[in-house]
Amino acid sequence: MKSETATNEASASGPQYITQKNATASKLGKHADGTISYKVACDFERTTLFLAITNNSSGSYFSREYVPVARIEKLLANLDRSDFPSKALKPVFTGRSSNNAGFRAAILLAEGLLARAANSETKHVCTGAWTKWKASVLGLEATQDETDAPSAQSADAPGSPADNKAVAAKPQKPVNPTK
């Protein structure tokens, strides 16, 4: 199954990404335990952002594919309603795990891009913070010691850590002109 996760074919092994941020998010389910680990990555031109689920602490299945943030943003902008369930995110994945949409919603909540709907604990609303968030994440300074070229971008994988190497990102240090 071919993934449309990046147009930058940086190597013969497929798209490569610069990891801007590694983080965890709490699961959303009422009876769910554990966390979802994820990364925010960008292409080498530092213009396109991607979200990838990297681990599930409870071991259930998910897709490791790198989903373009623009695809998620476009889907949410075209919804017919202001509040929506996690399953509304299903079309952004090529992987088929039933956990993908809920895990992605958890990530978007952790990043401040979604909030819980006031009228329902199982629905979400967009916060409108997308532009500011993208600028903030792209403003991180990444070190290009290693690249991340996922081998199973759209395959459903159990919740164990990926063997992929990642490029670590660190916050930019402000320049002090007086020194």
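I began with helix α3 and noted that the face turned away from its buried side carries Thr131, Lys132 and Ala135, which are exposed; exposed stands for over 50% relative accessible area, buried for under 20%, and partly exposed for what lies in between (1.4 Å probe, protein chains only). Helices (H or I, at least four residues) and strands (E, at least two) are DSSP runs, numbered from the N terminus.

I reminded myself that this is a predicted model, in which local features need pLDDT of at least 70 and side-chain atom pairs count only at pLDDT 80 or more, while totals for chains, interfaces and linings use all residues. Residues are numbered from 1 along each chain as its sequence is written, and side-chain values use heavy atoms, with hydrogens and water left out.

**The buried side of α3**

Which residues of helix α3 (residues 130–138) are buried? I found Trp130, Trp133 and Val137. Looking down the axis of α3, I saw that its buried residues fall within an arc of 65 degrees, so they line one face of the helix; the arc is taken from the directions that lead from the helix axis to the C-beta atoms. An α-helix has 3.6 residues a turn, so residues three or four places apart point the same way. I then looked up what covers the buried residues of α3, and the list includes β1, β2 (35–42), β3, α1 (69–77), α2 and β8, where contact means heavy atoms within 4.5 Å.

**The cores**

I turned to the largest nonpolar core, which has 33 residues, with Leu51, Ile72, Leu89, Leu108 and Trp133 having the most contacts inside it; such a core is a set of buried Ala, Val, Leu, Ile, Met, Phe, Trp, Tyr and Cys residues joined through side-chain atoms within 4.5 Å. Two or more residues of this core come from each of β1, β2, β3, α1, α2 and α3, and the largest share, seven residues, is given by α2. Leaving aside neighbours within four places in sequence, I found Ile72 in contact with Leu51, Val67, Leu89, Val92, Arg104, Leu108 and Trp130. Another core, of five residues, lies apart from the largest one, and Tyr17, Ala41, Ala52 and Tyr66 are among them.

**Strand β3 and its partners**

I checked strand β3 next and found it mostly covered, with eight of its eight residues buried. Seven bridges join β3 to β2, and the two strands run antiparallel; strands count as paired if DSSP finds at least two bridges between them. The two form a hairpin with six residues between them, and Arg46 in the turn has a positive phi of about 60 degrees. Two bridges also join β3 to β5, again antiparallel, and here Leu51 stands opposite Val67 in β5.

**The rings**

How many aromatic pairs does the structure hold? I counted two, taking rings of Phe, Tyr and Trp (its six-membered ring) as paired if their centres lie within 6.5 Å, with planes under 30 degrees apart called stacked, over 60 edge-to-face and the rest tilted. The rings of Tyr17 and Phe50 have centres 4.8 Å apart and planes at 70 degrees, so this pair is edge-to-face. Tyr17 lies in the segment before β1 (18–26) and Phe50 in strand β3 (residues 49–56), so the pair ties together parts that are 33 residues apart in sequence. Both Tyr17 and Phe50 are buried. Tyr17 and Tyr66 form a stacked pair, 4.1 Å centre to centre with 5 degrees between the planes.
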